[in-house]
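Open the structure in your viewer and keep the selection tool at hand. The stops below say what to select next and what is there.

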Amino acid sequence: MDPTTDNAGHTRDPGTARASLEALRAEIAKAVVGQDPAVTGLVVALLCRGHVLLEGVPGVAKTLLVRALASSLDLDTKRVQFTPDLMPSDVTGSLVYDARTAEFSFQPGPVFTNLLLADEINRTPPKTQSSLLEAMEERQVTIDGTPRPLPEPFLVAATQNPVEYEGTYPLPEAQLDRFLLKLTIPLPSRQDEIDVLTRHAEGFDPRDLRAAGVRPVANAAGLEAARTAVAKTTVSPDITAYVVDICRATRESPSLALGVSPRGATALLSTSRAWAWLTGRDYVIPDDVKALALPTLRHRVQLRPEAEMEGVTTDSVITAILTHVPVPR
């Protein structure tokens, strides 16, 4: 058997894996106009075994983006619409009594998948939120004292609406820290919006991605090969110190009440390595750290009330820190 393939004939070659992940962006672009940073963020999360929080106003294709990603991957995917009456067992699964056998059997919930789209996660109560976040952290579900491992790979892409607060349960900081990246989905540019309307006028149906030509271009074996290659990406002591200095600067910022934890520093190092590998290098440079600092850190810091009243944002604080922290040569 070819050593670059697995038993099913899927590639394990890192070079081919990188090409397939680059092709992933082209496939998603068949359904989603623009939003390249968000697409890149989702690919980085896949490489780092992390989860993603997508934030944007209604109608900017957050759900379509994740559905297009799922259609571009040869992986199992499920979607859960989070609502105020959703129970933890609706996500994780439960024991069901079978009258024929007089025994309880486990019925897996939608969390038992490779890619879970958690739509409007801030609309469900904290108890249900925590059941999902526990699965994200432990990569298993415990029902009636029995741990049940989740499939590998496993990624949660959760969406939330930043402008509608009525009937929502905002994720607390400790739970936000479980997400590797927070990606903001902006409104499209004028030209991108024209392209969106043109596609719809030509018959594009967002509910039928197959008709739009979106096909699987990456699989689990290729993803695992890519993750192995990312783990071998070299990080110099200067880059490690640079990441630490950025995170320590957030703890000393007068605008922030809460800075980045050591877990956040570890996350920034991981995402920087993934981005370096995606761009074709086997070593990390300062620009990789800068490129991933905002999506990796913005949800791990908390503004002081007085700074928020003055119009300061977490992104502006982190950007200022990146400007002032000395860059290694």
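**Stop 1: a pair of rings**

Select Phe106, which is buried, with a relative accessible area of 18%. The model is a predicted one, and the values on this tour are computed from it.

How many aromatic pairs does the structure hold? It holds one. The ring centres of Phe106 and Phe112 are 5.7 Å apart and the ring planes stand at 70 degrees, so the pair is edge-to-face. The cut-off for that label is over 60 degrees.

Now show Arg148. Its charged end sits over the ring of Phe106, 4.1 Å from the ring centre. For another arginine placed over a ring, select Arg281 and Tyr283: Arg281 lies over the face of Tyr283, at 5.7 Å from the ring centre.

**Stop 2: the largest pocket**

Rolling a probe the size of a water molecule over the atoms shows where empty space is left. The largest pocket holds about 740 Å³ of space. To find its centre, select Glu55, Gln160, Leu176, Lys182 and Glu308, the closest to that centre of the 26 residues in the lining.

Which elements give two or more residues to this lining? They are strands S1 (52-55), S9 (181-184) and S11 (302-303), together with helices H6 (173-176) and H13 (314-324). Colour the lining of the largest pocket by class and you get 10 nonpolar, 10 polar and six charged residues.

**Stop 3: helix H13**

Stay with H13 and select Thr314, Val317, Ile318, Ile321 and Leu322, its buried residues. Look down the helix axis: these buried residues fall within an arc of 140 degrees, so they line one face of H13. An α-helix has 3.6 residues a turn, so residues three or four places apart point the same way. On the other side of H13, select Thr323 and His324, which are exposed.

**Stop 4: the second largest pocket**

The second largest pocket has a volume of about 520 Å³. Its lining has 29 residues, and those closest to the centre are Gly59, Val60, Ala61, Lys62 and Leu64. Helices H3 (62-72) and H7 (190-201) and strands S2 (77-81) and S8 (155-160) are the elements that give two or more residues to this lining.

Which helix gives the largest share of the lining of the second largest pocket? H7 does, with six residues. By class, the lining of the second largest pocket divides into 13 nonpolar, nine polar and seven charged residues.

**Stop 5: helix H3**

Select H3 next. Nine of its 11 residues are buried, so H3 is largely enclosed by the rest of the structure. Among the buried residues of H3 are Lys62, Leu64, Leu65 and Ala68.

Pick out Val66, which lies in H3. Val66 is buried, with a relative accessible area of 2%.

**Stop 6: Leu24**

Finish at Leu24, in helix H1 (residues 14-29). Is Leu24 buried or exposed? Leu24 is buried, with a relative accessible area of 0%. From Leu24 to Val39 is 15 residues in sequence and 8.8 Å in space, C-alpha to C-alpha.

Conventions:
Residues are numbered from 1 along each chain as its sequence is written. This is a predicted model: local features need pLDDT of at least 70, side-chain atom pairs count only at pLDDT 80 or more; totals for chains, interfaces and linings use all residues. Side-chain values use heavy atoms; hydrogens and water are left out. Rings of Phe, Tyr and Trp (its six-membered ring) pair if their centres lie within 6.5 Å; planes under 30 degrees apart count as stacked, over 60 as edge-to-face and the rest as tilted. Buried means under 20% relative accessible area, exposed over 50%, partly exposed in between (1.4 Å probe, protein chains only). A charge sits over a ring if NZ of Lys or CZ of Arg is within 6 Å of the ring centre and within 35 degrees of the ring normal. On a 1 Å grid over the protein atoms alone, a cavity is a set of points where a 1.4 Å probe fits but cannot get out, and a pocket is an open set with protein on both sides within 12 Å along at least five of seven lines; lining residues have an atom within 4 Å of a point. Grid points are joined across faces, edges and corners, and a volume is the space filled by probe spheres set on the points. Helices (H or I, at least four residues) and strands (E, at least two) are DSSP runs, numbered from the N terminus. Ala, Val, Leu, Ile, Met, Phe, Trp, Tyr, Cys and Pro count as nonpolar, Asp, Glu, Lys and Arg as charged, and the others, Gly among them, as polar. The arc is that of the directions from the helix axis to the C-beta atoms.
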